[in-house]
Amino acid sequence: MAVARVPLIAGNWKMNLDHQQAIAFVQKLHWALKEAKHLDGTVEVGLFPPFTDLRTVQTLLDADKIPFALGAQDLSTKDSGAYTGEVSGAFLKKLNCTYVIIGHSERREYHAETDEIVAAKVQAALRHGLVPVICVGETLEQREESGPTAISVGQLEVALEGVPASAEIVVAYEPVWAIGTGQVASPEQAQEVCAALRAVIAAKLGQDAADRTRVLYGGSVKSGNIASFMREPDVDGALVGGASLVVDEFAAIIRFQKHVGV
Ligand code: PGA
């Protein structure tokens, strides 16, 4: 039996919008969505600002009762101690973060994050009651060499080592060749990999977990193509980079969800 999964539209700001810019952005986004009554629970909106914005955004969400979920873009494998520059999952939880992105391709590429580090970060997130948004995806060369699904499947298998069947997780398929390039994957390509990832979740954590876990697509998602992705049965939302920094564009991506009634 098909299980209804509330779509998640997640805005990964990357290293954009300082804490002052964040206030104006969140207020405008809320206004754009409130006016059109699009925040009634049919779609979950997640914001992933830089660490230095989290406190400010969390205060604003609380004060104005804005129903966006908050997440960080990374966390430490460690809980506390002499790890200069690192941020603990415990601190993120205290700031009311719900989510934390783990294993984004930019972390893997620029910070040499291996599958094992990603797995340790997933454990750190779960230790502190955070929902890991586990990112996987292949480069163009890897796709040509290994086919469309093998790399993502392998990355997810390692990330899920030791994860209990009851854990809440989110998985994001982000083909590296589609991130920030405007070269978007086709809905069929996204569906193929997202279905393969759901099968990994079923094999590792059981069918219940596979049925309830949201699998997102990410990579050049815009208001003009979100519809085509959301039509696919195994795509449960989007991890949006560039387009999440433009209020009207991000609002249009979120609003689309309502219309299709997924
Ligand atoms: P993009 O980024 O939407 O700018 O392609 C997606 C991501 O990296 O999460």
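What is the volume of the largest pocket? I put that at the top of my page and got about 410 Å³. A reminder to myself: this is a predicted model.

**Largest pocket**

I looked up the lining next and found 13 residues. Lys 14, Met 15, Gln 73, Arg 107 and His 111 are the ones nearest the centre of this pocket. Sorted by class, the lining holds four nonpolar, five polar and four charged residues. I then asked which helices contribute: H2 (51–63) and H4 (105–110) each give at least two residues to the lining. H4 has the largest share, with three residues.

**Second largest pocket**

I moved on to the second largest pocket, which has about 160 Å³ of space. Its lining has 16 residues, and nearest the centre I noted Gly 180, Ser 220, Val 240, Gly 241 and Gly 242. By class I wrote down five nonpolar, eight polar and three charged residues for this lining.

**Helix H8**

Last stop was H8, which runs over residues 187–205 and has 19 residues. From first C-alpha to last, H8 reaches 26 Å, close to the 27 Å expected at 1.5 Å a residue. Which residues of H8 are buried? My list reads Pro 187, Ala 190, Gln 191, Val 193, Cys 194, Ala 196, Leu 197, Arg 198, Val 200, Ile 201, Ala 202 and Leu 205. I kept a handy rule beside it: an α-helix has 3.6 residues a turn, so residues three or four places apart point the same way. Among the buried residues are Ala 190, Val 193 and Leu 197, and also Gln 191 and Arg 198. Just after H8 I checked Gly 206, and its phi is positive, about 105°.

Conventions
Residues are numbered from 1 along each chain as its sequence is written. This is a predicted model: local features need pLDDT of at least 70, side-chain atom pairs count only at pLDDT 80 or more; totals for chains, interfaces and linings use all residues. Side-chain values use heavy atoms; hydrogens and water are left out. Helices (H or I, at least four residues) and strands (E, at least two) are DSSP runs, numbered from the N terminus. The expected span of a helix is 1.5 Å times one less than its number of residues. Buried means under 20% relative accessible area, exposed over 50%, partly exposed in between (1.4 Å probe, protein chains only). On a 1 Å grid over the protein atoms alone, a cavity is a set of points where a 1.4 Å probe fits but cannot get out, and a pocket is an open set with protein on both sides within 12 Å along at least five of seven lines; lining residues have an atom within 4 Å of a point. Grid points are joined across faces, edges and corners, and a volume is the space filled by probe spheres set on the points. Ala, Val, Leu, Ile, Met, Phe, Trp, Tyr, Cys and Pro count as nonpolar, Asp, Glu, Lys and Arg as charged, and the others, Gly among them, as polar.
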